[in-house]
Every structure is written in C-alpha cells, then in structure tokens.
Amino acid sequence: MPVPVYSVYEQAILFIAALVVFTSFLMLGQKRLSGMIHLFAAQGALLAATTALAAYALPYPHLYVSALIIVTLKVILIPAMLHRLIVRLDMHRDAEPLYLYGYVMMAAAALVMFSYYVVEPIEHLSTLATRNAMAVSLAVVLLGMLLMITRRQVVTHVIGFMAIENGLFFAAVASTQGMPMVVELGIAFDVLVAAVIFGVFFFHIRSSIDSLDVDRLNRLSEVEP
C-alpha cells in the first residue's frame with residue numbers, strides 16, 4: 001500500500017483538525033462555565049486559522065474577510081457576551097459536576113471513530129485532507145450534541161449549540177474551499193442574533209424560577225389560574 005504524500009497545506013489542516021477535536025474533548029471534561037467559554041473561543045481561533053490558511057493556499061482572498069468575521073464573533077464578541085452573562089447571573093464561580101465522567105469520554109471517543117467510519121465511503125472521491133476534515137466536522141457536531149445531553153445548565157447547552165455550528169463551518173471551509181460571502185455573512189449574523197436572544201431568555205428564566213438547571217425546567221408544569 002503506497003504511503004500518501006501530504007502537502008504542507010494538508011498537513012496544516014490535519015494538525016488544526018486534531019486541535020479542534022481536542023478542544024471539543026476539553027469542553028466535555030470542563031466543569032466551570034468560564035473555562036468552557038475560553039475553550040469555545042480557542043476553537044473559534046482554530047477555525048479562523050483554518051480559514052486564513054485556506055485563503056492563503058488556494059488562494060481565495062475573500063476568505064480573509066471570513067477569518068476576520070470569525071475572530072470578531074467567535075473569539076472576541078460572543079465569548080465576551082457569554083462571560084458577561086454568567087458574571088451577571090453569578091454563575092462564573094459555579095462548578096457543574098460531570099457524572100459518569102469515564103463513560104462520557106469513552107462515548108466521545110466512540111463518536112470520533114464512528115465519524116471516520118461514516119465518511120469512509122468518500123475515500124476514493126476526495127483527498128486525504130478533505131476526508132479527515134469531514135470526519136472531524138462530524139465528530140465535533142456529535143461531541144457538541146453529547147455536551148448538550150450530559151450537562152444540565154442552559155448556558156452549557158448554548159455553548160454546545162455553538163460548537164455544533166463550529167463543526168459545520170469547519171467542514172465548509174476545509175472540504176468545500178469556503179462558502180459564498182453572502183452565505184457566510186448570513187450565518188455570522190444568525191449566530192450573533194441567536195447569542196443575543198439566548199442572553200435575553202436566560203435573564204427572563206432566571207428571574208422567573210431562579211435557576212437555569214435543565215432538570216428544573218423539565219419539571220415545570222402549567223398551573224391552572
């Protein structure tokens with residue numbers, strides 16, 4: 001079996017892809033919301049680096065604008081909004097326990113292997129970097145869902161939702177060589193609006209039931225007047 005030869009661009013993409021998955025694992029094991037927000041910002045920085053690298057190597061100059069948008073939104077603005085939110089809600093010092101930690105990490109590893117198994121049929125249709133990018137993006141999406149399933153705080157669910165979007169964006173940049181600028185601007189605006197709306201909902205929920213625990217929200221029932 002011939003040994004594949006990687007270009008510098010492919011090697012860089014594979015290295016960043018490994019770091020993206022690693023940040024998803026770190027978010028799964030993180031107990032504090034502030035630390036999880038920092039990891040989300042780090043994942044956004046990796047997406048920005050991927051986009052800038054694609055802009056330089058392909059070359060597609062419009063991707064530099066996309067990289068700047070990612071840095072502005074996912075590295076600076078949204079993490080700052082989430083951090084300010086948990087400070088105002090007095091949640092920045094809270095540590096959320098992760099039950100069955102070992103089983104969660106084993107499930108995460110199984111999801112990564114499952115992602116590579118799912119993308120195996122496209123082995124003869126694309127380059128090695130593209131196959132790994134698709135597998136990593138699917139793994140990040142599934143790990144984001146696992147984060148939402150295993151945690152009880154609503155803020156953590158929002159971070160998991162944003163992480164899922166990161167996985168989809170990574171696939172779009174690394175596998176399809178970037179999306180049209182209009183689509184990228186629309187997605188960026190939607191993500192920003194979603195973050196603002198989530199923040200407003202958090203304050204209303206906290207003022208109503210004095211908790212953002214999903215278990216308590218599930219136990220709510222309608223009261224007859």
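Guide: We'll take the helix pairs in turn, then the aromatic rings. Bear in mind that this is a predicted model.

Visitor: Start with α1 and α2. At what angle do their axes cross?

Guide: Roughly 165°. Helix α1 covers residues 8-29 and helix α2 covers residues 33-57. Their axes come within 9 Å.

Visitor: Roughly parallel or roughly antiparallel?

Guide: Roughly antiparallel, because angles over 145 degrees count that way. The crossing of α1 and α2 is left-handed.

Visitor: Which residues make that contact?

Guide: From α1, Tyr9, Ala12, Ile13, Ile16, Leu19, Val20, Thr23, Ser24, Leu26 and Met27. From α2, Met36, Leu39, Phe40, Gln43, Leu46, Ala49, Thr50, Leu53, Ala54 and Ala57.

Visitor: How many of those are nonpolar, polar or charged?

Guide: The α1 contact with α2 has 16 nonpolar and 4 polar residues. No charged residues take part.

Visitor: Now α4. How far apart are its axis and that of α1?

Guide: 10 Å, at an angle of about 155°. Helix α4 spans residues 101-118. That angle makes α1 roughly antiparallel to α4.

Visitor: Left-handed or right-handed?

Guide: Right-handed for α1 and α4, whereas α1 and α2 cross left-handed.

Visitor: What meets what there?

Guide: Val21, Phe25, Leu28 and Gly29 of α1 meet Tyr101, Val104, Met105, Ala108, Ala109 and Val112 of α4. By class, 9 are nonpolar and 1 is polar, with no charged residues.

Visitor: And α2 with α3? What's the geometry?

Guide: Helix α3 runs over residues 62-88. The α2 and α3 axes come within 8 Å and cross at roughly 175°. So α2 is roughly antiparallel to α3. Their contact has 21 nonpolar, 5 polar and 1 charged residues.

Visitor: Switching topic. How many aromatic pairs does the structure hold?

Guide: 0.

Visitor: Then which ring has the charged end of Lys74 over it?

Guide: The ring of Phe169. The charged end of Lys74 is 5.2 Å from the centre of that ring.

Methods: Residues numbered from 1 in each chain as written. Predicted model: local features only at pLDDT ≥ 70, side-chain atom pairs only at ≥ 80, totals over all residues. Heavy atoms only, no water. Axes fitted to C-alpha atoms, helices over the stretch in contact; angles between N-to-C directions. Helix = DSSP H or I, 4+ residues; strand = E, 2+ residues; numbered from the N terminus. Parallel < 35°, antiparallel > 145°, perpendicular 65-115°, else oblique. Left-handed = near helix turned anticlockwise from the far one by under 90°. Contact = heavy atoms within 4.5 Å. Nonpolar A, V, L, I, M, F, W, Y, C, P; charged D, E, K, R; others polar. Phe/Tyr/Trp six-rings, centres within 6.5 Å; stacked < 30°, edge-to-face > 60°. Lys NZ or Arg CZ within 6 Å of the ring centre and 35° of its normal.
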